[in-house]
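Reader: I am new to this structure, and I would like to understand how its descriptions are reached. Could we go through some of them together?

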Amino acid sequence: MKSYFMCVVISTPVLIMYLLGTVKFIFDHEGNSCEMTYMFEYPEYVHIPLQEEIQQQYPRYGLYAYGEGFTVSRIRAMHFSGIPVLFIPGNAGSHHQVRSLASISLRKSLKDGTPFHFDYFTVDLQGEYSALYGGVLKEQIEFVSHCIRKILRFYGGKTDSVIIIGHSMGGIVGKGLLLDPNMNVSHVNTIIMLATPHEAALIFDTSIATIYQNLQNPGALTNKSKVLTISVGGGPRDVLVNSNQIVDRTADLNVLTTHVPGVWKSTDHVSILWCKEFLLAIIRALFDCVDLVGRYPRITSNKQHKLDVFNYHLLQRCCGKKMGQYQTKVQFRLGGEWIEDIRRQYTWKAADRIGATNTSQLYLMIRLIGIQDHLTIQTTRLEARDWLFICSASAIQGHSRVCEWGWNLTNKSRITPDGTYKKKTADLDLAELKAQHLTHVIIRIPSSSFHKGLSIDVDLHRKSDRISSFQNKHILAYWGFGKLGTIESNIGDIRYEVDLDSNTNSVLLEVINVQCHQQNHRHHATVELFEPWSNGISQVRHFAFENLVPKTLIVQTKNAANRGKGVGNMALKLKFTLDPKCKYTIEVFSGGFIETLSTAVRDRWPNVYGVMSGLLLLALAKQVDHEIGLIKSTITTVITLALCIGIGIGPEGFVSLALLQIFAVVICCAVIIFGSTVYNMAQRFLTRALKFSPIWSEWLIGGLIQLPLIAPTILLSMVPVTCGALSMFIFIGLQFLKLTRLYEDYLEELLLTSLRSNFIDRFRVNREKPSIEEQIQSDSHTDGKQIVFQLILFLTWCIAAIPAIPSVLTWAKNYRFSAKLSTEDPLLMACWIILVTCGSSGIKWIPPSTPDYHSQAIAIVIRILGWTALAVTGIGYPSQYQYLMPPLIAVAVALITIRSLIKISSWV
């Protein structure tokens, strides 16, 4: 009793903290700020028939083409003349989700008057649960490969490949095409994966485990060398597929929507398909990838060019919405106005030149002299495409030295988030430029760009003066307590950087003071958190004149970095872009305790299933081993704690322990309160379903519960015609009824024990207890042990049956196509057969006997199975081995059944 009380005392606070972190992770996010997309005309989805044998092989699936307005008639006539794009929906997704992509793409081609357009196709996968049930993934991959061949036949050789855009598990299906031996990989040009879990949180069967292992193996994807693969995640708002999961180690580009220029917003799992700002970036990149040189427009086959285009639109867009030709060396026009200002920090404003004579070009010259080794330039409302250059001033114009040629540095700039105006920033390493004997940085301003709002901010500085390193100085900082440091800027400063400890989970930024040289100045500053293990992983927060509340930034992909090769210890970086007209004091704190808990829940919740399975196996071993004493119990506890702490699943151990206690209490309450109600409902169901009388239904339920041969015979006969998972669920229902009947028998036995005890007390002669009363109390104690044992068994069966849920849902969803689930995992099916057979054989708690070597040996084996479940949970990413839990539990239950049979035979 003391050990149980200690478990409650320790595990309950840990569970409460875990629940707080869960609530924070799921519900506490910034609002959805994406602009909604809409259709200009009514969308239609035209079904495309496939070959009869393919349709018979995959009767659940279908291929469709998207159309709206005048395009529908052409599509119905099966006339396609554009560039094919195939959209693959994800888990429980719909083929209708293609409409935002297709509609925006159509309107862009019409607005720009391009000589090409995109034809959008989509597949209907019946909303199957492909994220949880791997049996359908292989079929979906095979069906999509047939669809690609069908699509390409429409074009008669005008194009030889398609673009694939997959959402969620649709990205896994698209990438899985590269592993299909019957698929011609050259038919796939580019794969864009939106919110795709490249590290699954739940892997409940060997089919999905095999697919993921193959996709993560670079050697298995040797034939993808010409296929561009891009993975995009939604950032903090996507709680279904977090940012750790979207990082694909084999992809050419990984990026979050919070990093995409012009977007800088987090999207949830579904809104990534209709966020207008993000979809425009994807569609602009596709348009820029079109090769117009050949006879027919098509997506270029040059992988490096495509990667450059997507890098421009998704990582570092420096200029306009279209990627243009980049001139490395530029000749400057004669007759322009050259202005050189030798100040280290200044702001040039076009408003100061309003009314002055404007020349064709204006050149601002920044001389590379002094000890300053870094230059930050910020432009406001500068519309020029090529504006930043480096040169050596050797020509003479008037009384000044000017440049005739310049090397273009515009690609080192990027547009930056700003709540007021469009801004661009550039950070240049002057030491590198000086080493090449270059003298000036040039900012070219065309006369067409002159307007009142144009300004240029220049900040020459030593980089060492603007970089700080804030480390977690004590363990409490890791849990969100304590200030890390303070940033204090001066008037004219633009750039500050802070290196953070790689163990940092989150940071809190608070603006303490802002002093501007103009009263009521509408100042604006931004801070970006860069996670250096991937170029496209960053977040942005704004500090504006009307919004100076503290901002929190949570690290998104630390787990993905730890799974990489040697990049987990790289420092995180905060990059501040400040208003040079103001002086800031910004304090940086380690993120709050709740934020730290939320990151722990986000990264570690898949551990819970394996840990619960392991703890239940250890509890079963304790029930089996009657000779467990203080020493053996202490040794078991110490080994379990050392294992959990050693492999990093200690918190999940306490959480799982608390959850098991709660589940046990819930089951007990359900048995006590709803047991008779459930029993009566089952009886009425059988009466109506089988046209039986109530008496026959009651006898049938009693036979299924009490007779060891009837239940397994009926349940196992269902496996070949339906699925093993369904038999497992029915078996659990019968075990609940059995637990209810056992509880009722126990109450009845208690009542009889009380009556017998009173009757004996009335007629006994001496005060000593007679042997018959001792026997009654012993029987009552045995019944109580039997209920506890059956309760632990029931919990174990329920935990083991969790992977059966996707199978049952898939079977029910596809029942109208086939009553048999042909894709069920053979390993899990074998587990369900073993559990149903052994569990229906009438496993009972066996009173101790001395010595009981069989029980001790079996208990040792079950403990080893429990420790194995804990060990594989802590190795690598936990979902890789979740499908092993039912087999481990099945082996333990089989051993307990063998023990029961040995005892029964010895009694006989």
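Reader: What makes the span of helix 15 agree with its 12 residues?

Author: This is a predicted model. Helix 15 covers residues 593–604, and at 1.5 Å a residue its 12 residues should span 16 Å, where the expected span is 1.5 Å times one less than the number of residues.

Reader: Which residues of helix 15 are buried?

Author: The buried residues of helix 15 are E595, T596, L597, S598, T599, V601, R602 and D603. One of them, E595, is also linked with K24 and D28 in a network of salt bridges.

Reader: Why is the pair of Y38 and F40 called tilted?

Author: By the rule for ring pairs, the count comes to 19 aromatic pairs. For Y38 and F40 the ring centres are 5.4 Å apart and the planes stand at 50°; since planes under 30 degrees apart count as stacked and those over 60 as edge-to-face, the pair is tilted.

Reader: Why is the pair of Y58 and Y61 called stacked?

Author: The ring centres of Y58 and Y61 are 6.4 Å apart, and the cut-off for a pair is 6.5 Å. Their planes are at 15°, so the pair is stacked.

Reader: How do you know whether F40, Y58 and Y61 are buried or exposed?

Author: A residue is buried under 20% relative accessible area and exposed over 50%. F40 has 54% relative accessibility, and therefore counts as exposed. Y58, with a relative accessible area of 4%, is buried, and Y61, with 3%, is buried as well.

Reader: Which residues do ring pairs link into a cluster?

Author: The cluster linked by ring pairs consists of F332, W338, Y363 and F389.

Reader: What makes the meeting of E128 and R60 a salt bridge?

Author: Their side chains meet at 2.7 Å, N to O, and the cut-off is 4 Å. E128 lies in the loop between strand 4 (118–124) and helix 5 (135–153), and R60 in the loop between helix 2 (52–57) and strand 2 (62–68), so the pair ties together parts that are 68 residues apart in sequence. Both E128 and R60 are buried, and a search of the whole structure finds 31 salt bridges.

Reader: Why can R414 and E528 be said to tie together parts that are apart in sequence?

Author: The side chains of R414 and E528 meet in a salt bridge of 2.8 Å, N to O. R414 lies in strand 20 (residues 413–416) and E528 in strand 28 (residues 524–530), so the pair ties together parts that are 114 residues apart in sequence. R414 has a relative accessible area of 15% and is therefore buried, while E528, with 2%, is buried too.

Reader: What does R466 form a salt bridge with, and over which ring does its charged end sit?

Author: R466 forms a salt bridge with D493, the closest N and O atoms being 2.8 Å apart. D493 is in the loop between strand 25 (483–488) and strand 26 (495–500), and R466 is in helix 12 (residues 463–466), 27 residues apart. The charged end of R466 also sits over the ring of Y496, 5.1 Å from its centre.

Reader: How do you know that I673 is exposed?

Author: I673 has 52% relative accessibility, so I673 counts as exposed.

Methods. Residues are numbered from 1 along each chain as its sequence is written. This is a predicted model: local features need pLDDT of at least 70, side-chain atom pairs count only at pLDDT 80 or more; totals for chains, interfaces and linings use all residues. Side-chain values use heavy atoms; hydrogens and water are left out. Rings of Phe, Tyr and Trp (its six-membered ring) pair if their centres lie within 6.5 Å; planes under 30 degrees apart count as stacked, over 60 as edge-to-face and the rest as tilted. Buried means under 20% relative accessible area, exposed over 50%, partly exposed in between (1.4 Å probe, protein chains only). A charge sits over a ring if NZ of Lys or CZ of Arg is within 6 Å of the ring centre and within 35 degrees of the ring normal. Helices (H or I, at least four residues) and strands (E, at least two) are DSSP runs, numbered from the N terminus.
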